[in-house]
Amino acid sequence: TKQQIGPDAWLLKGFALSDADALLAAIEQIAAQAPFRHQVTPGGYTMSAAMSSCGAYGWVTDRHGYRYSPQDPQSNQPWPAIPALFAELAERAAHSAGFAHFAPEACLINRYTTGARMGLHQDKDEQDFTAPIVSISLGAPITFLFGGPNRSDPTSRWLLEHGDVVVWGGVSRLYFHGVSPLGKKASHPTTGAVRYNLTFRKVR
Ligand code: MD3
Ligand code: FE
């Protein structure tokens, strides 16, 4: 089912379900090359979600700032390539939300364990805000918080479950968003108390 959750923002419930096992296997392969790590923000906070990336660019933060980098700073090697399955699924999801020919340059992989969260923020490190962002949720369910163009705007809450895909385009692309801490009882038969989120982005 396709549910509109904001202007040009669409929740495709279960869109990735039939590919979920293959996606999880590919995440393991990527993490063998580019291990999950807890990055530090410019403000000195260590992020509770662990991250890796694949694609031409990965999202990096350190004391100096947020940026996209063609190399993994931990290995000084290029990031692993985006698997064909990832790119095809992201393109199909974008297409079904009305965005033709989406070709992601970066895939950020977030891993949440119990208590991990992501505070309200905007995704503004990309140069092209006309391209949508596609996100795929795998594993334990989490509560997603969706605000508006201003930090003080009220938020709506949405449950993101294993296999759910969301496409964020138009003005929603710059709306504030985050996720509540992963609940103590949150789990999934395949991943246990772990949630993964893939976000596909056009960077340049
Ligand atoms: C709405 N990730 O990686 S996914 C992120 O669950 C991020 O890991 C969260 O926010 C997560 O930046 C939320 C849903 C999401 C992703 C990107 C968006 C929602 C978005 C960009 C613009 C608006
Ligand atoms: Fe975000």
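Predicted model: local features only at pLDDT ≥ 70, side-chain atom pairs only at ≥ 80, totals over all residues.
1. Let's start with His-177. It counts as buried, because 25 C-beta neighbours fall inside 10 Å; the cut-offs are 20 or more other C-beta atoms within 10 Å for buried, 12 or fewer for exposed, and partly exposed in between, with C-beta atoms placed from the backbone. His-177 sits in strand β14, strands being DSSP runs of E with at least two residues and helices runs of H or I with at least four, both numbered from the N terminus. Setting aside neighbours within four places in sequence, its contacts are Leu-120, Phe-144, Leu-145, Phe-146 and Gly-147; a contact means C-beta atoms, placed from the backbone, within 7 Å.

2. Residues are numbered from 1 along each chain as its sequence is written, with chains lettered from A and ligands numbered from 1 in the order in which they are written.

3. The UniProt record (an unreviewed entry) puts a "binding site" feature at His-121, Asp-123 and His-177. Its positions follow the numbering used here, feature names are shortened, and annotations may be inferred rather than shown by experiment. These residues spread over 57 residues of sequence yet cluster in space, with a largest C-alpha distance of 8.8 Å.

4. Is His-121 buried or exposed? His-121 is exposed, since 12 other C-beta atoms lie within 10 Å. His-121 belongs to strand β9 (residues 118-121), and beyond four places in sequence it touches Phe-176 and Gly-178.

5. Now the ligand. Ligand 1 has 15 residues around it, of which Asn-110, Ser-135, Trp-168, His-177 and Asn-197 come nearest; to be near, a residue needs its C-beta atom, placed from the backbone, within 6 Å. Two or more shell residues come from each of β8 (106-112), β10 (133-139), β13 (165-168), β14 (177-179) and β15 (195-201).

6. Turning to the sheet, seven strands make an open, antiparallel arrangement in the order β1-β2-β13-β10-β15-β8-β3; pairing requires at least two DSSP bridges between strands. β1 (2-6) and β3 (50-55) are the edges, each with a single partner strand, so one side of each has no neighbour in the sheet. From one strand to the next the twist averages 20°; axes are lines fitted to C-alpha atoms, for helices over the stretch in contact, and angles run from 0 to 180 degrees between N-to-C directions.

7. Helix α1 (residues 20-33) packs on this sheet and touches β3, β8, β10 and β15, its direction making about 95° with that of β10. β8 and β15 are antiparallel and joined by seven bridges; Ile-109 has Leu-198 in β15 as its bridge partner.

8. Strand β11 (residues 142-146) also deserves a look. Its covered face holds Ile-142, Phe-144 and Phe-146, and its uncovered face Thr-143 and Leu-145. In a regular strand the side chains alternate between the two faces of the sheet. Five bridges tie β11 to antiparallel β12 (residues 156-160), and three link β11 with β14, also in the antiparallel sense. Leu-145 has Arg-157 as its bridge partner in β12 and stands opposite Gly-178 in β14.

9. Finally, Gly-148 lies in the loop between β11 and β12. Gly-148 is partly exposed, because 18 other C-beta atoms lie within 10 Å. Its C-alpha atom is 8.1 Å from that of Leu-174, 26 residues apart along the chain.

Notes
Contact = placed C-beta atoms within 7 Å.
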